[in-house]
Amino acid sequence: MPVAIPDVKKSWANAINTVTLGATKDEGGTRTKKVTVGGATSLPFHHFEGAMPYPPAIAMEVWDVAPQDWPEVLAEHFKDVWHDPGLWAKKCVEQYGADLICLRLAGCDPVRQNRGPQEAAQAVKRVLESVGVPLIVWGTGNNDKDNEIFPAVAEAASGENCLLGTITEDNYKTLIALCTAYKHKVIAESPCDVNIAKQVNILATDMGFKPEDIVMYPTSAALGYGLEYVYSVMERARLAALRGDKMLSQPMICDIGIEVWGVKEAKASEQELPEWGPQRERGPLWEATTAYVYLLTGADILVLRHPRAVASVREAIKQLMGDGLK
Amino acid sequence: MAKLTGIEIYKHLPKTNCGDCNFPTCMAFAMQVAAKKVGLEQCPHVSAEAKAALSEAQAPPMRTVTLGTGDRALKLGGETVLFRHEEKFHHPTVIAICVQDDLSEDKLAQRIEKINQLQFVRVGQLIGVNAIAVEHTAGETSRFAQTVKLVAERSPLALVLSSTDSQALKAALEICAERRPLLCAATKENFKEFAALAKEAQCPLAVRAATLEELAELTQQVKALGVEDLVLQPEISGLADGLAKLTQLRRLALEKNFRAVGYPVMVSVTSSDPFLETAYAAMFVCKYASLIVLNGAERWQVLPILTVRQNIFTDPQVPNAVEAKLYKVGEPGPHSPVLVTTNFALTYFTVESEVENSRVPSYIAVVDTGGLGVLNAYADDKLTAEAIVKAVKTYGVMEQVAHKKLIIPGLVAVLKGEIEELGGWEVLVGPEEAAGIPAYLRNEWKG
């Protein structure tokens with residue numbers, strides 16, 4: 001006697017926006033590859049009840065200057081190329097299969113080398129001419145400095161349909177104007193708070209910016225360092241979007257590498273933490289595990305650093321999109 | 001508790017309106033029972049069948065099943081929500097590591113010891129592996145029982161006994177039934193024998209099937225044989241399939257109150273790739289497994305899984321606080337800096353982590369702000385000059401340093417003057433973000 005199971009499938013009122021990054025020659029850019037994210041009509045990977053037309057994309061992080069403080073287990077993969085952001089980006093795409101490059105303008109940060117707008121633009125051009133994938137350009141987080149460098153950055157990447165960030169509740173006008181003028185998408189940052197996430201989107205769209213051109217960054221936390229707060233904020237935002245909130249329907253980006261490689265579980269050597277096992281395994285797995293968890297809450301773009309984390313997260317995405325295991 | 005309406009309760013009452021319950025009519029009484037104002041026992045005439053039916057209907061939508069006994073008893077299931085922000089997740093996923101019975105005695109003893117050691121202290125909490133799953137490979141039944149015996153002797157962890165052979169399980173139960181192991185797993189082929197074993201030994205029983213329909217059918221059959229402490233083991237093929245099955249099972253139990261699957265769920269995620277195995281485990285901790293069996297026993301692999309569990313099962317309604325006291329990072333001396341922060345766990349651990357990064361041995365004086373972060377605590381009058389001075393004086397830290405300088409969070413720079421006045425120390429304004437601490441301590445701190 002077969003048992004009849006009640007139907008628990010849900011159909012939701014609204015879908016997540018799709019965002020396409022990159023522009024080909026025909027479209028006024030020089031990209032050979034475009035990346036589209038979003039479009040889901042249910043919760044992440046709920047293929048049994050909704051469509052998820054685009055898998056989450058992996059962006060690998062490249063800096064405009066050689067990092068000083070990356071631990072050896074991470075640095076060893078990039079130090080042959082990190083004197084040149086173009087070569088670094090090329091390695092990420094060709095060797096590690098990055099879908100996107102996330103160029104972080106760390107060298108422009110006043111607490112680092114405090115590089116100027118022309119150097120920033122130069123780094124952007126180097127990456128654009130070295131790889132065919134779309135580009136994310138992440139500023140310094142220092143409002144004044146970002147407003148100083150982004151005019152040159154946005155212009156240097158004009159027509160390439162990049163993703164530039166971040167705007168915040170307190171600093172959005174300059175970058176929104178630039179993204180409108182030079183046809184880029186924008187990252188809207190909020191401090192782990194659904195209401196502020198929505199507010200930043202409203203501020204941007206009040207300036208005439210299209211809601212479909214925004215990717216949300218609800219901040220990211222490393223596993224063990226407040227991950228559960230971000231997890232629930234992302235889950236709440238995604239549920240609100242599916243229930244119809246157009247001002248939370250944007251795809252989400254998680255900036256994971258920078259968070260994970262700042263915590264001791266990834267950074268500390270085995271000599272310092274013998275009871276936690278070899279750093280060579282522990283570091284990349286801490287990064288990958290942080291990413292696995294955010295995939296379930298609606299991460300559409302993951303910014304990662306370690307090649308092994310990238311490979312493993314790619315495999316997890318493949319399986320989550322429906323490929324079987326074992 | 002599943003909520004019953006007055007009408008549903010009324011159907012089970014005698015409908016005599018006798019008034020012995022002190023209410024004028026059975027309907028009026030039913031409404032009061034539904035509102036939980038009075039208990040059903042206030043009706044002296046309600047039948048035993050009606051009581052049973054109503055208590056069944058009022059049972060929680062997902063059963064809580066106990067594995068192990070005494071201090072080491074573990075609760076599985078009893079979950080009430082799909083999303084942790086709606087309330088909280090109640091019973092942290094039990095993490096079990098598997099042990100196969102084809103190991104030599106030496107190898108087996110080593111593996112058991114390795115699993116026993118998989119305990120860690122993270123952010124002041126002990127987190128660890130909870131169980132060992134003994135798996136019967138193709139060998140003889142006696143081999144399985146011997147393995148179970150050694151595991152039971154050498155490990156205090158909870159036991160999962162996994163075999164398709166009821167004779168092997170019977171022999172193992174003679175050794176360890178009083179430990180209340182989970183028997184794994186009844187299938188449509190063997191459920192009669194397995195249910196009999198579970199009933200006799202009073203142990204929880206896993207039921208395994210390929211589809212949700214088969215699973216629901218099987219639980220009903222096993223329940224009819226008198227075993228109610230069940231754990232569902234849906235067969236999964238891949239992450240997407242697992243997520244689909246576990247999500248639907250949770251929804252069926254909680255949203256549809258569908259009793260046949262109102263039980264905790266277990267999954268086995270052994271893979272030859274430790275990263276992929278971790279992906280499975282991490283995701284099933286988030287999405288609805290109450291017990292996960294892993295193969296990997298390496299510390300670097302188990303720690304992130306346990307940390308995901310620690311994070312996800314944190315109660316979102318309770319401010320996460322650390323003890324307000326004086327903490328030392330490294331071995332601070334008379335010239336070491338003294339930093340003030342709040343007892344919100346995330347704030348404290350971020351500050352602690354950045355102080356560690358600076359490699360400058362330091363004191364961190366934690367003020368009790370009721371678990372609020374710096375800005376919230378300031379806005380709520382929990383992080384005041386008085387509170388800071390009182391805490392720092394109580395800890396006596398200024399007597400341990402030569403410099404009489406106190407570093408306060410940049411976000412409450414406004415408190416500088418008042419603290420200097422009340423405390424008599426020099427107050428330095430630190431960075432606004434914890435990330436700025438290493439640069440601050442290395443470049444600006446002068447003890």
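1. Is Leu248(A) buried or exposed? Leu248(A) is buried, because 25 other C-beta atoms lie within 10 Å. The term buried denotes 20 or more other C-beta atoms within 10 Å of a residue's own, exposed denotes 12 or fewer, and partly exposed lies in between, with C-beta atoms placed from the backbone. The residue belongs to the loop between H7 and strand E9 (252-255) of chain A. Setting aside neighbours within four places in sequence, Leu248(A) is in contact with Ala197(A), Lys198(A), Ala237(A), Ala240(A) and Ala241(A); contact means that two C-beta atoms, placed from the backbone, lie within 7 Å. The C-alpha atoms of Leu248(A) and Trp12(A), 236 residues apart along the chain, are separated by 14 Å.

2. On the basis of the model: this is a predicted model, in which local features need pLDDT of at least 70 and side-chain atom pairs count only at pLDDT 80 or more, while totals for chains, interfaces and linings use all residues. Residues are numbered from 1 along each chain as its sequence is written, and chains are lettered from A and ligands numbered from 1 in the order in which they are written.

3. On chain A as a whole: its secondary structure comes to 11 helices and 10 strands, these being DSSP runs numbered from the N terminus (helices H or I, at least four residues; strands E, at least two). Along the principal axes, the C-alpha atoms fill a box of roughly 70 × 55 × 35 Å. Buried residues make up 56% of the 326 residues. Of the contacts in chain A with a separation of 6 or more, 70% involve residues 24 or more positions apart.

4. On helix H6 of chain A: H6 (residues 194-206) has 13 residues and reaches 18 Å from its first C-alpha to its last, close to the 18 Å expected, where the expected span is 1.5 Å times one less than the number of residues. The buried residues of H6(A) are Val194(A), Ala197(A), Lys198(A), Val200(A), Asn201(A) and Ala204(A). They lie on the same side of H6(A), because they cover an arc of only 155° around the axis; the arc is that of the directions from the helix axis to the C-beta atoms. These buried residues pack against strand E6 (163-167), helix H5 (173-182), strand E7 (185-189), strand E8 (214-217) and helix H7 (227-242) of chain A. Asn195(A), Ile202(A) and Asp206(A) are exposed residues on the face turned away from the buried side.

5. On the segment following H6(A): just after the helix, Gly208(A) takes a positive phi of about 90°. Glu212(A) is found in the loop between H6 and E8 of chain A and counts as partly exposed, with 16 C-beta neighbours inside 10 Å. Not counting residues up to four places away in sequence, Glu212(A) touches Asn17(A) and Val19(A). The C-alpha atoms of Glu212(A) and Asn17(A) are separated by 6.1 Å, although the two residues are 195 residues apart along the chain.

6. On the interface: 45 residues of chain A are in contact with 50 residues of chain B. On the chain A side, H7, helix H10 (279-295) and helix H11 (307-320) each supply at least two residues, and the largest share, 8 residues, comes from H10(A). The residues of this side divide into 24 nonpolar, 11 polar and 10 charged. Here Ala, Val, Leu, Ile, Met, Phe, Trp, Tyr, Cys and Pro count as nonpolar, Asp, Glu, Lys and Arg as charged, and the others, Gly among them, as polar.

7. On chain B: there are 16 helices and 17 strands. A compact globule of 447 residues would have a radius of gyration near 22 Å, but chain B has 28 Å. Of the 447 residues, 47% count as buried.

8. On backbone geometry: most residues other than glycine have a negative phi, and most peptide bonds are trans. A cis peptide bond joins Gly165(A) and Thr166(A), with omega about 10°, and Thr166(A) is placed in strand E6 of chain A. Another cis peptide bond joins Cys184(B) and Ala185(B), with omega about 0°.

Conventions
The radius of gyration is taken over C-alpha atoms; the globule rule is 2.2 Å times the number of residues to the power 0.38.
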